[in-house]
Amino acid sequence: MIDRHLPRLLLLGAVALVTLYLVLPSVLMAASSFSSGSLIGFPPEGFSLRWYVHLLGQRRLGAAFVNTLCVASVATVASTVAGTLAALVLARHRMPFRAPLELYLLLPLIIPVAVEAVGLLNIFGLAGLLGARWAIGVAVAAVNLPFGIGTVSAAASRLDPALDDAAASCGAAPVERFCTVTLPAVMPGVLAGALLMFITSFNEFVICSFLVDVRTMTLAVELYNEGRGAQSPAIAAVAVLYTLVSLAVIYLADRLVGLEGLMRTARG
Amino acid sequence: MPPSRPAEIALPPPAVRFPYAPHWRAFDLVNAAAERLLPARLAPAVPLVLLLPALLLVTLLTVGLLLVAEQSFHSVDPATFLLHRDYTWRNYRVLLARPQYLEFGGRALLAAVVVAGLCLLLGFPYAFLLVRTRSAALRKALICCIFVPFLIGPVVRAFAWIVVLGRTGLVNAALRALGLAPVELVYNLTGVLIGLTQLLLPITILILVPAITAIRREVEDAAASLGAHWLRVAWTVTLPLAAPGLGNGFVIVWTLAFSDMAIPAILGGGRADFITNIIQRTYVEAGDRGVGGALCVATTLVTLAIIGALFLARRLGPAGRRSGP
């Protein structure tokens, strides 16, 4: 009897180990954030909320948080707009040079991120845009564009072209058709993609580490700089807040498109 | 074709007054404006116009790459950090002459291969269970476990690994409790591999799920009903059918691992720098835009070559011939 169940037991065991591998660091991080000691370690010494209180007085972290929000918002808007339009066009219209264009739009994935960052550093330097948060947002949008396109193209490919024709035959002009038929049909995919884009831009490290300066420091770079020395539980506290935000995002996404829809969207 | 106006026929007054809704009025204005901006005869150009934002964003990156490539052909004056005016191959000769660039590049290459392999190995059973389980609750829990680390970001996750693997971390505390010697699992290549694999596991699983979903359960049942042991079914039926997804996953995870910067920097402790860390150190910290630019160009070419080779291998391999792109 055990032989019949062996494959299932092995599978469950393997998945349990992988789940532990995925989740353990976050759990330990959360435990460390409540430590009353001053160094991250295991086991955590005592229980205290002092590091969360400490965070409230950190003006640098607060400024970095605001900067990151700005950058992530600009990046989300830019990549969602550009990505939605591109995905819809590529899914519905027959156009010349379609394959080269699709390949061109995949370039941000192929060029290494550090190289892209160096290139952007040059362009922004020439244009005098270093120190502009919106420019960093645009840079992040450009780098993450393939994900923005991919998330919508899944929904766009499921769009029934007959709906558009039906609306046209009822007398709707192109712009009206786009606003009342096409966009609402792909909206769940667009929203889920925008959510994922926001979180990805919020966590963007490589591009920001090349492009930020003291005025526009983002949270990921600030954490990196602070963590290079001794790691205090304050960083663990920030990590826990990050995790809570992620959980909130997952909950939101679940309400919008359902977790399985999100999974289908995420892989594009 | 614009909607045609109804002909003027004498009709009896309508029994019910039909109000013209305000949003119809609004759309009439919008349609008229759109008609004026982009007349119908320019309609074939509309797809290109809609693609323009995306194309502009990508062009930002390609122009940046070209600028860097141009810089790589000038050498840097060590006193002023300005570029000399003449074109020279000097930077590339420096790249080939100093062995450490090859060392960093090779390390990143091989590490990325190891990480991609591990991700596929660990991700496949997870994705398989996620797809095949009949319990919706378990599926939701499994998806949650993927997404939460995914959304936390590389910096925080790297620090979390230090909590687990560091000298005062969980693993060493357990070893000390058992009376064993402590193990150095962070601030070296091992830590980087562990951290990178965990970072890229969610993406691997997300890529493998559609591939496994496409395998019909009946095929495996048919093989089992013909008397095949479950291991044999997995090896001869499931894995070959999932091969395109595995190939895709390998390419994507390899690319992401090769170009990662945060985890090698934090978990490597300076002893396991990847080529991206070297680019940052050369171009930004040392200010050598010449050699840094040459490094960028070389890294891009290597990435292009390897992605191209992997892609071709998939297309020309047995799975590629059967299933196409």
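Biologist: Is A:Ser79 buried or exposed?

Modeller: This is a predicted model, and A:Ser79 sits in helix 3 (residues 59–92) of chain A. A residue counts as buried under 20% relative accessible area. The value for A:Ser79 is 0%, so A:Ser79 is buried.

Biologist: Which residues is A:Ser79 in contact with, leaving aside its neighbours within four places in sequence?

Modeller: A:Ser79 belongs to helix 3 of chain A. With the neighbours within four places set aside, the contacts of A:Ser79 are A:Thr84, A:Ala141, A:Leu145 and A:Met197.

Biologist: How many helices and how many strands does chain A have?

Modeller: From the N terminus on, the elements of chain A run α-α-α-α-α-α-α-α-α-α-α-α-α. The C-alpha trace of the chain spans about 70 × 70 × 30 Å along its principal axes. The count for chain A is 13 helices and zero strands.

Biologist: Among contacts in chain A between residues at least 6 apart in sequence, what percentage join residues at least 24 apart?

Modeller: Chain A has 268 residues, and buried residues make up 52% of them. Its accessible surface comes to about 12200 Å², with 69% belonging to carbon and sulfur atoms. For the contacts you ask about, the part joining residues at least 24 apart is 71%.

Biologist: What is the area buried between chain A and chain B?

Modeller: The size of an interface is often given as the accessible area lost when the parts come together. Here the contact takes 87 residues from chain A and 83 residues from chain B. Carbon and sulfur atoms give 83% of the buried area, and that area is about 7700 Å².

Biologist: Which helix gives the largest share of the side of chain A that touches chain B?

Modeller: The residues on that side of chain A divide into 66 nonpolar, 15 polar and six charged. The largest share is 17 residues, and these come from helix 1 (residues 2–33) of chain A.

Biologist: How many salt bridges does the rule find across the interface of chain A and chain B?

Modeller: Between chain A and chain B, eight residue pairs are in polar contact, both residues of each being at pLDDT 80 or more. Over all chains, the count of salt bridges comes to 11. Across the interface of chain A and chain B, the number is zero.

Biologist: How many residues apart in sequence are the parts tied together by A:Arg177 and A:Asp164?

Modeller: Side chains of opposite charge can pair when their charged atoms come close. A:Arg177 and A:Asp164 form a salt bridge, with their closest N and O atoms 3.3 Å apart. A:Arg177 lies in helix 10 (residues 174–202) of chain A and A:Asp164 in helix 9 (residues 161–169) of chain A, so the distance in sequence is 13 residues.

Biologist: Are A:Arg177 and A:Asp164 buried or exposed?

Modeller: The cut-off for buried is under 20% relative accessible area. A:Arg177 has 16%, so A:Arg177 is buried. A:Asp164 has 17%, so A:Asp164 is buried.

Biologist: Which residues are linked with A:Arg60 in a network of salt bridges?

Modeller: A salt bridge joins a side-chain nitrogen of Lys or Arg to a carboxyl oxygen of Asp or Glu. The residues linked in a network with A:Arg60 are A:Glu222 and A:Glu226.

Biologist: Is B:Arg216 buried or exposed?

Modeller: B:Arg216 meets B:Glu218 in a salt bridge at 3.4 Å, N to O. At 48% relative accessibility, B:Glu218 counts as partly exposed. Exposed means over 50%, and B:Arg216 has 54%, so B:Arg216 is exposed.

Biologist: How far apart in space are B:Pro210 and B:Gly245, C-alpha to C-alpha?

Modeller: B:Pro210 lies in helix 8 (residues 189–213) of chain B and is partly exposed, at 27% relative accessible area. B:Pro210 and B:Gly245 are 35 residues apart in sequence, and their distance in space is 7.8 Å.

Biologist: What is phi of B:Tyr187?

Modeller: B:Tyr187 is in the loop between helix 7 (170–177) and helix 8 of chain B. At 31% relative accessibility, B:Tyr187 counts as partly exposed. Its phi is positive, in a residue other than glycine, and the value is near 60 degrees.

Key: Residues numbered from 1 in each chain as written. Chains lettered and ligands numbered in written order. Heavy atoms only, no water. Contact = heavy atoms within 4.5 Å. Buried area = accessible area lost by both parts, 1.4 Å probe. Salt bridge = Lys/Arg side-chain N within 4 Å of Asp/Glu carboxyl O. Polar contact = N/O pair within 3.5 Å; in protein donor to acceptor, adjacent residues only side chain to side chain. Helix = DSSP H or I, 4+ residues; strand = E, 2+ residues; numbered from the N terminus. Nonpolar A, V, L, I, M, F, W, Y, C, P; charged D, E, K, R; others polar. Buried < 20%, exposed > 50% of the residue type's maximum accessible area, 1.4 Å probe, protein only. Areas by Shrake-Rupley, 256 points an atom, 1.4 Å probe, with all protein chains shown as cover.
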